[in-house]
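Subject: Structure for you to look at

Hello,

Here is the structure I promised. Please open it and keep it on screen while you read my notes.

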Amino acid sequence: MYLRLGTIALNTHKRQILKAGDELACEPRVFDLLVYFCSHPQRAISREELINKVWNGRVVSEAAVNRAVGELRKLIEANPSSPVLLKTISKVGYELTVRPVFEETESNGELQQSSESASSSGIVGGPGVKLFGVMILLSGLLVWAVIAIYGGKVPKMLVDSREPVTQLKGEAFNPAISPNGDVAFLYKREVSDNAQIRVVDAQGVVSAPINDDYYYTDVIYGSDEVIYASRLDDLHARNCFVVSFSAPEWRETPLFSCGSKVVTELGLAGDGTQLIFKYRDKVSEPYAVYSYHLSTGRRQQLTLAQQWGNTPGHYAFAVAPGKDRLAVIEYFDEGPDLLKIVDIGRAEIIFQAPFIDGVRGLIWFSDDLLLSSNSSGLYQFNLITEQIGVIEKSGAFGRLAVTNVSERLLTEKAESIVNLQSLSISANQWTQVTDNTGINTQPIFANRDETLAYLTQTGDLKSIMIAGPVDKHIRLPSPVDIEYLGALAWSDNDEFLAASINGRLFQFEVATGEWNLLPIDLRPVHHLVYKDGGLIFSAEHQGTWNLWRYDAVSDSVTQLTQAGAYSVQSSSKGLLYTKFNLDGLFLLDPDSGVEEVVIPEFPITSWRKWQIRGDSIYYLDENKLSHLDLNTLETKTLHTFTGKAPNRCTVSSSGYRIVCDRADASVSNIWRLSLD
């Protein structure tokens, strides 16, 4: 792919700078610098940001940055002493004043990716991989252009037929097939049950080879007689272990720990001698992919995801048919996710390319063809042509598994219904707020009455809704297509509704019915609250989440915390917040700026499960809704939930009414697909 700045062209795949068709000699760091400026055009970028993003946080002087910028200007400016394209911004840094133009040239193979330039030695990661993350931002449009013009360039596959493998009440998911054709899967009858291992044979008979009290997260076959599985001790501590079971008695053998507060998947490599799994030390860290040698017990790290920002890292993987390569998907907050092909033996990247977002399922269908699913459909990726093709646009595809019959695969088809329910605390009685077949979540009460805002999803369409006190539900026009909603917040007088949509900050004016994108350069933005006429929000900057304040009158942004902060609420005592990497609920004194711990044991995963009304904190604690008085620090239980606890609750300004999202139904079964 080319990026053009007038007569200057960047070939991001071959890492070349061309001027009028001639290649210019360029230091690698100077090229990295230009790519970063092109990915953030028309924005002032500080030298500190450049050191963190381009020099990857290494100890370098500002003089080194200035020297690299000077070298870059010699390449792209007509008169480097009077720069026009790359200007100095006083007391800030530098700004690329124009937006690059995306171009592609297929005739001479310019779009073919260089596997040599993508390789690195040792553990996968480092500056080259982080740089590619920036390049991915620039090539996102290219990915979807390939899909749009895909036509006959890639032999198109279609779903020819589908048949159910299981027809169970409840949830059947994560299928895996044995050499003799039996299908193992995970199953839970009720939403609140622990997922257990089940097996269905060729005649459709379902058996339960293992029954215990653990929650299983994945299952695969080593052979007809051996099953490998990952499981959690419970859904609260979420300590992960990998075990094996051997037929005919399905005797259990513990293998190794796979972390805490994780959900890992498994694969088999090296002729069945290595288990592949995801691992991270803490919930706030990105996943990496590891191997475990079954004969020696040796663990080896195979990948290293980018370490800055809020990212799950390498969240999906699949082992190649030859058991020697690994396809890994890395999450990127901005731009498409990244596909990496890793040589397992050398732990080296041998190929990488932009990929689809939000991968649910990933398999190797052949040596040079990957199949993948997300919430919008089933896709194919040809490793030879480096093109993505749509097999079917539908949300009916989940986890994928290869069968032992050519042109067939297994998937799971799930349907969930989540509605909002209201609890009157005095009457201890639930009533329906929404009653439809969609997914309704993230409720938030207004501050002066019982008007409610929430997110609804039907199919792939997500919308923000407002329900008035008399239960009239109004769908708001969306300022952009909603991929994900971080948070909603009402202003003190309920005249505005703020929303962090796709990592950006929008504000809805109730009187005019219009959305406005707030002029905030920080991204991504997640949690929000209004306080004293300003909008407090959390944003990731230089790898750390902190609180910031936007003042509409002065159109200014001020940083409020320095030691980390994530989800935030306001009280008369100051700002209360959680942190992205630490347990606890913290209070920031507005006058002194001193931070103190209010609830030390507040779980790190409770970012969205609490709210302040007056001087009271309402928070979800496992299956209980609890109340903490900030004046007396006394805690009491308001309600104990039966079945699965809600993900989010909101409390009315009076404190007498609570609305929570509750799962009405969740049905999932395993299906066999034939492709043509």
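Which residues does Lys278 touch, not counting residues up to four places away in sequence? They are Cys258, Val263, Thr264, Glu265, Tyr287, Ala288, His314, Tyr315, Ala316 and Phe317. One caution before you go on: this is a predicted model.

**Lys278**

Find strand β19, residues 274-279. Lys278 lies in that strand. Is Lys278 buried or exposed? Its relative accessible area is 7%. Buried means under 20%, so Lys278 counts as buried. The side chain of Lys278 reaches the backbone oxygen of Tyr315, at 3.1 Å. Tyr315 is also among the residues that Lys278 touches. Now look at Tyr290. It sits 12 residues from Lys278 along the chain, and the two C-alpha atoms are separated by 6.2 Å.

**Gln442**

Next, go to strand β33, residues 439-445. Gln442 is placed there. Gln442 has a relative accessible area of 11%. The cut-off for buried is under 20%, so Gln442 is buried too. Where does its side chain reach? The side chain of Gln442 reaches the backbone oxygen of Leu485, at 3.2 Å. Leaving out residues up to four places away in sequence, Gln442 touches Ala453, Tyr454, Leu455, Leu485, Gly486, Ala487, Leu488, Arg648 and Asp661.

**The second largest pocket**

Strand β33 turns up again here. It supplies at least two residues of the lining of the second largest pocket. The pocket has a volume of about 660 Å³. How many residues line it? The count is 34. Ile444, Val529, Gln569, Gln611 and Ile612 lie nearest its centre. By type, the lining has 15 nonpolar, 13 polar and 6 charged residues.

**The second largest cavity**

The structure holds 4 cavities of 30 Å³ or more. Of the lining residues, 7 are nonpolar, 2 are polar and 1 is charged.

**The nonpolar cores**

In soluble globular proteins, nonpolar side chains tend to be buried together. Look for that here. The largest nonpolar core has 32 residues. Which of them touch the most other members? Leu186, Ile197, Tyr216, Phe245, Phe256, Leu275 and Phe277 do. Strand β14, residues 215-223, gives the most to this core, with 5 residues. Apart from it lies another core, of 28 residues, including Leu10, Phe31, Tyr36 and Leu86.

Beyond residues up to four places away in sequence, Phe256 touches Phe241, Val242, Leu275, Phe277, Tyr292 and Arg299.

**The whole protein**

Now zoom out. The protein has 676 residues, and 54% of them count as buried. Its secondary structure comes to 5 helices and 54 strands. Take the contacts with a separation of 6 or more: residues 24 or more positions apart account for 45% of them.

Best wishes

Conventions
Residues are numbered from 1 along each chain as its sequence is written. This is a predicted model: local features need pLDDT of at least 70, side-chain atom pairs count only at pLDDT 80 or more; totals for chains, interfaces and linings use all residues. Side-chain values use heavy atoms; hydrogens and water are left out. On a 1 Å grid over the protein atoms alone, a cavity is a set of points where a 1.4 Å probe fits but cannot get out, and a pocket is an open set with protein on both sides within 12 Å along at least five of seven lines; lining residues have an atom within 4 Å of a point. Grid points are joined across faces, edges and corners, and a volume is the space filled by probe spheres set on the points. Ala, Val, Leu, Ile, Met, Phe, Trp, Tyr, Cys and Pro count as nonpolar, Asp, Glu, Lys and Arg as charged, and the others, Gly among them, as polar. A nonpolar core is a set of buried Ala, Val, Leu, Ile, Met, Phe, Trp, Tyr and Cys residues joined through side-chain atoms within 4.5 Å. Buried means under 20% relative accessible area, exposed over 50%, partly exposed in between (1.4 Å probe, protein chains only). Helices (H or I, at least four residues) and strands (E, at least two) are DSSP runs, numbered from the N terminus. Contact means heavy atoms within 4.5 Å. A polar contact is a pair of N or O atoms within 3.5 Å; within protein, one must be able to donate a hydrogen and the other to accept it, and residues adjacent in sequence count only if both atoms are side-chain atoms.
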